[in-house]
Amino acid sequence: MKIIKTEFLIKVFLCLSVSSSMFASESLKEAFSEHFLMGTIWHGHDVNGKKNTFLEKEKEITLREFNSITAENVMKPHYIQPKKGKFKFKAADEMVNFATKNNLTIVGHTLVWKNSAPDWFFQDRNGNQVSREVLIERVKTHIQTVVSRYKGKIAYWDVVNEAIETKWNPRTQSYDAFYKPCPWLDIIGPEYIEISYKAAQDADPDAKLLYNDYNLDQKAKLDFALNMIRDFKERGVPIYGLGYQAHLFLREPTLPEMERVLKKSADLKIPVHITELDVSVLPNAWKYRTASVEEQYDLASKLNPYQENIPTDVLLEQSRRYKDVFKLFLDYHDTVERVTFWGVWDGNSWRDYKPMSGRTDYPLLISRSFEKKMAYDQVLSITE
Ligand code: G3I
């Protein structure tokens with residue numbers, strides 16, 4: 001009984017010991033202004049097929065806390081060119097106008113991504129696969145049209161997204177990394193990547209071009225990505241830096257695994273952008289992503305433990321995790337140019353609907369009732 005009481009008092013003390021009202025900085029962007037840009041995403045009006053009724057509130061938090069913004073979905077190919085030659089810019093224009101008016105550094109996301117390329121790119125009118133030449137022409141036209149529309153307004157582009165995959169090799173007992181199989185690779189070959197960077201640079205020579213991927217804390221994937229970037233730089237292919245997504249869990253990846261990304265990039269003088277940061281408090285469910293609806297239903301209680309509310313000790317663990325991660329970013333602030341959260345607040349996160357729908361996660365710094373969480377205070381505290 002005594003032990004439980006002591007534990008409770010420690011938690012209360014920790015919760016009370018840092019509170020944002022005690023800090024000199026009044027926002028995340030102010031706290032890190034000498035180190036890196038602080039970004040969030042523009043969810044837009046459509047969230048996973050439903051109307052986003054919180055856009056105004058999200059704008060308010062964005063302007064208070066952040067100085068950079070990334071398009072979550074509105075610039076993806078399936079959104080911006082759903083049919084050949086039919087460009088839909090309204091949603092992206094709205095974001096760019098909001099950001100320009102408010103001096104936010106804009107990140108375009110993304111021009112070439114397997115998961116977001118509509119089928120028409122790869123097929124002719126009869127549904128047959130197009131030739132290499134036709135596909136090159138189509139990707140160049142897409143990039144030229146989108147990038148030149150926002151020339152001078154978008155500072156960074158995630159040109160190619162998630163083009164590398166890894167697989168466990170039982171023979172060598174390690175992971176092998178390789179270009180992810182996709183129609184771009186099948187039809188054009190690996191050159192589709194450099195073709196994309198060259199097209200983006202032709203359309204806006206001043207935009208800085210990033211390669212963006214997840215699981216870069218896996219050594220094989222990191223080495224493959226850095227080798228690709230180094231090779232591009234050596235051959236004059238216009239690539240600027242690495243986008244490390246950083247979709248984290250409470251205990252994975254480990255800090256040394258994350259540090260390896262920053263250290264190796266620093267050694268190679270490759271700038272890093274933390275492009276999609278969040279810390280899920282839920283069990284990692286990626287291995288169940290292909291589970292049937294029935295299986296997901298059975299797994300729900302195990303994989304969705306905080307549907308009603310979230311215990312304080314979990315929020316506390318998350319706040320420590322955020323603090324550790326930000327300390328690391330600060331240690332490497334010469335290399336890390338931007339830290340962007342993949343969401344504005346807990347009530348609107350992709351973590352609720354991927355890899356399985358219907359879960360309740362709490363991955364960001366602002367709560368479901370728009371309050372600053374313990375994690376917010378911990379992050380702010382490290383620059384004091
Ligand atoms: O707009 C359609 C709507 O017309 C349709 O009826 C509805 C049916 O589900 O879907 C709507 O599209 C959704 C789209 O978000 C726009 O809201 C998709 O279902 C949904 O799968 C899609 O999820 C996005 C996902 O990328 C896939 O594009 C997430 O919001 C977005 O957060 C996520 O972001 C990615 C990054 O781009 C790359 N790195 C990983 C990251 C997380 O998966």
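Start by selecting strand 1 and strand 4 (residues 68-71): the two run parallel and are joined by four bridges. Keep in mind as you look around that this is a predicted model.

Now zoom in on one pair across these strands. Pick isoleucine 41, then look over to strand 4, where threonine 70 is its bridge partner.

Is strand 1 buried or exposed? Colour residues 37-42 and take a look: six of the six residues of strand 1 are buried, so the strand is largely enclosed by the rest of the structure.

Time to move to the helices. Select helix 8 (residues 191-203) together with helix 9 (residues 219-235); they pack with axes 12 Å apart, at an angle of about 55°. That angle makes helix 8 oblique to helix 9. The crossing of the two helices is right-handed.

Which residues meet here? On the helix 8 side, show Ile193, Glu194 and Tyr197; on the helix 9 side, show Met228, Phe232 and Arg235. Colour this contact by class and you will find four nonpolar residues and two charged ones, with no polar residues.

Definitions and conventions: Residues numbered from 1 in each chain as written. Predicted model: local features only at pLDDT ≥ 70, side-chain atom pairs only at ≥ 80, totals over all residues. Heavy atoms only, no water. Buried < 20%, exposed > 50% of the residue type's maximum accessible area, 1.4 Å probe, protein only. Pairing = 2+ DSSP bridges. Axes fitted to C-alpha atoms, helices over the stretch in contact; angles between N-to-C directions. Parallel < 35°, antiparallel > 145°, perpendicular 65-115°, else oblique. Left-handed = near helix turned anticlockwise from the far one by under 90°. Contact = heavy atoms within 4.5 Å. Nonpolar A, V, L, I, M, F, W, Y, C, P; charged D, E, K, R; others polar.
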